[in-house]
Amino acid sequence: MTTALHQIVVCRCFSFEELFTVLDEEDHPTGQPTRLIVVDSITSLILPHLGSTYGLGMLNHLSSRLKSTAVGRHKAIILTNSVVRWKDEPPRPSLGTQWAYVPNVRVLLSASDVLGERVATLEVGKAEYRKMVKFSMASIGGE
């Protein structure tokens, strides 16, 4: 476990350009191939540009760069996206319809009515053909 933790590199990106630089890097600084890229949180990059044509253009460019990095370089990419909720509606991804076609798999983690239980909703496929599965997770054993 300790060896695996030493292989993790954290790159702080405060702009799209910094994120593109990280995506362009071929390998881990130690020389090991990069297998997984986690972007947390994608909404913090787009928020300053919300409503502008620059923000929309960069969001489209980012989606194509992420897909080409994942497919062309055989890397797994995980993005965290905030959710928004309006009154009694179910939660929705905060990037909305512009981003709806981008992810191949979505996972929504939420609290359950049962104490200590979490619900994961897994959606697979493109927006118009999406299949959904829900499952519950509960802790087993001691605290």
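How many salt bridges does the count come to? By the rule used here (a side-chain nitrogen of Lys or Arg within 4 Å of a carboxyl oxygen of Asp or Glu), the count comes to one salt bridge. Before we visit, note that this is a predicted model, in which local features need pLDDT of at least 70 and side-chain atom pairs count only at pLDDT 80 or more, while totals for chains, interfaces and linings use all residues. Residues are numbered from 1 along each chain as its sequence is written, and side-chain values use heavy atoms, with hydrogens and water left out.

**Stop 1: the whole chain.** Show the protein chain as a cartoon and you will find five helices and seven strands. These are DSSP runs numbered from the N terminus: helices (H or I) have at least four residues and strands (E) at least two. Along the sequence the pattern reads α-α-β-α-α-β-β-β-α-β-β-β. Of the 143 residues in the protein chain, 24% are buried. Here buried means under 20% relative accessible area, exposed means over 50%, and partly exposed lies in between (1.4 Å probe, protein chains only).

**Stop 2: the salt bridge.** Now select Asp 24 and Arg 65, whose side chains meet in a salt bridge at 2.7 Å, N to O. Asp 24 belongs to helix H2 and Arg 65 to helix H4, so the pair ties together parts that are 41 residues apart in sequence. Side chains of opposite charge can pair when their charged atoms come close. Compare the two partners: Asp 24 is partly exposed at 42% relative accessibility, whereas Arg 65 is buried at 19%.

**Stop 3: the core.** Next, pick Phe 16, Leu 19, Leu 23, Ile 42, Leu 62 and Trp 99; of the 16 residues in the largest nonpolar core, these touch the most other members. Such a core is a set of buried Ala, Val, Leu, Ile, Met, Phe, Trp, Tyr and Cys residues joined through side-chain atoms within 4.5 Å. At least two residues of this core come from each of helix H2 (16-24), strand E1 (36-39), helix H3 (42-46) and helix H4 (53-72). Zoom in on Leu 23: leaving aside residues up to four places away in sequence, Leu 23 touches Ile 37, Leu 62, Arg 65, Leu 66, Thr 69 and Arg 73, where contact means heavy atoms within 4.5 Å.

Stop 4: Select Cys 11 and Cys 13. The sulfur of Cys 11 is 6.1 Å from the closest cysteine sulfur, in Cys 13, too far for a bond. The disulfide count comes to zero, with a disulfide being a pair of cysteine sulfur atoms within 2.5 Å. Cys 11 is partly exposed at 40% relative accessibility. Then click Val 10, in the loop between helix H1 (2-6) and H2; Val 10 is exposed, at 60%.

**Stop 5: a surface patch.** Finally, select Val 105, Val 107, Leu 109 and Val 124, a nonpolar surface patch with about 370 Å² of accessible area together. Areas come from the Shrake-Rupley method with a 1.4 Å probe, and for residues only the protein chains shown count as cover. Patch members have over 30% relative accessible area and no salt bridge, and nonpolar side chains (Val, Leu, Ile, Met, Phe, Trp, Tyr) are joined within 5 Å. Strand E5 (residues 105-111) gives the largest share, three residues.

Technical notes
Patches are made of residues with over 30% relative accessible area and no salt bridge: like charges are joined within 9 Å, nonpolar side chains (Val, Leu, Ile, Met, Phe, Trp, Tyr) within 5 Å.
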